[in-house]
Amino acid sequence: MHNFDFNTVNEELFTFLNASPNSFFAVANIANTLIAQGYTQLSEGKPWQLEIGKGYFVTRNESSLIAFRVPALNCEIAEASKAEANYNGFQIYACHCDSPSFKLKYNWEIVAAQKYLKLNVEKYGGMIMSTWLDRPLSVAGRVIVETEKGVESRLVNIDKDLLMIPSLAIHMNRDVNEGYKWNAQNDMLPLCGSNLVQGDLKNIIAEAVGVEPKDILDTDLFLYNRMPATIYGVEKEFIASGRLDDLQCAFAGYKGFLEAEEAPNSIPVYCLYDNEEVGSGTKQGAASTFLKDTLQRINSALGKGQEQYLMALANSFMVSADNGHAVHPNNVDKSDANNRPFLNEGIVIKYSANQKYTTDAVAGALFRSLCKKAEVPVQVFHNRSDMLGGSTLGNISGNQVAVKTVDIGLPQLAMHSAYETAGVKDTAYLVEAVKVLFSTSLVEEADGKYSLK
């Protein structure tokens, strides 16, 4: 029986969550971890020279990342100085690092009643807007600055309680508890300060990145919830944090990726996409060519041709990981009668007849076998037949890289809230399953016959 260290995993998860207010920081934090582990960063704009037994990663837009290792086993010496990797396919774990939030517009200052300074923001993704009210917020993201050497991108996180979106008192909004419809332009603009000195926020940001305000050319800045991750419950059985969807899966994936034993016949690939919450249709999203470009360049750099690449795809397996809905304690009837996940009871396999999720019987069975080997529990999620659910990146990514894919996730409550809930055990379960994923290879021996070795 596997001995799970839930406390250590959650401590590491919380460190990652608290340090990753948005996708730019999630990618930067994972990149730094990979570098510390000896991985080499590649550039899409330069040639790739890969060595057997080494690990690599590449980023796109500073907000998406793909990491991989070239297996040292089963290599043939082609020349005295060069080895050729014999691999059957790719074992892929794909997840996303963006979460619903509010993004600052270009001209972000609005003066109200000649006394207040508030920020002009717009919705990013499908958040539960009311959960952003009356809690400390701040700003983080990417700033593009002008330097003597040219244009440069710098990350910034104003690490203090800077903003708040105050509710309107019930005396002035008697309908607030009767199904009030929040207006993003009127109700959700954060209070920044008194209208004493305009430009204060730009000055704060400029100081944080080490430039003059005039040198800031453009920004990608988002609000984030300042409440740190925590554990609660009478038996400390729940975790709560912002951005559990999908940084919980992102963390479990890269931890399992780094800790996995080397697979004998496959290349392990960890894929972290941006922009899933707005449809994935960007150059760094799941609908882009990022994964396809990366796999083709790996194949080419290792001396393989196009036919060998297509053969490798046939022997590849993708786990698309994005959190799923647990049964809600106050709304049990919103869940399917029989296929209803609970917190702390294992990884969720998602099914959908209309292919919102890509899982079919083969992919589901393969993933179950992985989980059995990892000794972790598995649950099933179906939407109610009379309710439309959300989609995820698996079926979108499949338009570019068509491989056997299972959609999975970890059960959570309050998805797309500014502060979400999950179970203390489930992250560790996924880490172990990912370790087994990357320690095995998929072989399609014939139509209808598959093995994981």
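This is a predicted model: local features need pLDDT of at least 70, side-chain atom pairs count only at pLDDT 80 or more; totals for chains, interfaces and linings use all residues.
**Stop 1: helix 9 and helix 4**

Select residues 426-438, which form helix 9, and then residues 244-259, which form helix 4. Their axes come within 8 Å and cross at roughly 45 degrees. That angle makes helix 4 oblique to helix 9. The crossing of helix 4 past helix 9 is right-handed.

Now show the side chains where the two helices meet. On helix 4, pick Gln 248, Cys 249, Phe 251, Ala 252, Gly 253, Lys 255, Gly 256, Phe 257 and Glu 259. On helix 9, their partners are Thr 427, Leu 430, Val 431, Val 434, Lys 435 and Phe 438. Colour this contact of helix 4 with helix 9 by class, and you get 8 nonpolar, 4 polar and 3 charged residues.

Stay with helix 4 and look at it from end to end. Helix 4 has 16 residues, and the distance from its first C-alpha to its last is 22 Å. That is close to the 22 Å expected at 1.5 Å a residue. Is helix 4 largely enclosed by the rest of the structure, or left open? Of its 16 residues, 14 are buried, so helix 4 is largely enclosed.

**Stop 2: helix 1**

Next, select residues 6-18, which are helix 1. The axes of helix 1 and helix 9 come within 8 Å and cross at roughly 95 degrees. The two helices are therefore roughly perpendicular to each other. Show Phe 6, Val 9, Asn 10 and Leu 13 on helix 1, along with Thr 427, Ala 428 and Tyr 429 on helix 9; these residues make the contact. By class, the contact of helix 1 with helix 9 has 5 nonpolar residues, 2 polar and no charged.

**Stop 3: helix 7**

Select residues 361-374 for helix 7, which packs against helix 9 at an angle of about 110 degrees, with the axes 8 Å apart. This makes helix 7 roughly perpendicular to helix 9. The crossing is right-handed. Which residues make the contact between helix 7 and helix 9? From helix 7 they are Leu 370, Cys 371, Lys 373 and Ala 374, and from helix 9 they are Glu 432, Ala 433, Val 436 and Leu 437. Sorted by class, the residues in this contact of helix 7 with helix 9 are 6 nonpolar, no polar and 2 charged.

**Stop 4: Leu 437**

Zoom in on Leu 437, in helix 9. Leu 437 is buried, with a relative accessible area of 1%. Apart from its neighbours within four places in sequence, Leu 437 is in contact with Gln 91, Ile 92, Tyr 93, Phe 317, Val 319 and Leu 370. For a sense of scale, select Leu 168 as well: the C-alpha atoms of Leu 437 and Leu 168 are 50 Å apart, and the two residues are 269 apart in sequence.

**Stop 5: Asn 275**

Finish away from the helices, in the loop between strand 15 (266-273) and helix 5 (290-301), where Asn 275 sits. Is Asn 275 buried or exposed? Its relative accessible area is 8%, so Asn 275 counts as buried. Not counting residues up to four places away in sequence, Asn 275 touches Asp 98, Tyr 124, Ser 280, Thr 282 and Gln 284. Then select Gln 91, one of the contacts of Leu 437. Asn 275 and Gln 91 are 184 residues apart in sequence and 23 Å apart from C-alpha to C-alpha.

Technical notes
Residues are numbered from 1 along each chain as its sequence is written. Side-chain values use heavy atoms; hydrogens and water are left out. Axes are lines fitted to C-alpha atoms, for helices over the stretch in contact, and angles run from 0 to 180 degrees between N-to-C directions. Helices (H or I, at least four residues) and strands (E, at least two) are DSSP runs, numbered from the N terminus. Angles under 35 degrees count as roughly parallel, over 145 as roughly antiparallel, 65 to 115 as roughly perpendicular and the rest as oblique. A crossing is left-handed if the near helix is turned anticlockwise from the far one by less than a right angle, and right-handed if clockwise. Contact means heavy atoms within 4.5 Å. Ala, Val, Leu, Ile, Met, Phe, Trp, Tyr, Cys and Pro count as nonpolar, Asp, Glu, Lys and Arg as charged, and the others, Gly among them, as polar. The expected span of a helix is 1.5 Å times one less than its number of residues. Buried means under 20% relative accessible area, exposed over 50%, partly exposed in between (1.4 Å probe, protein chains only).
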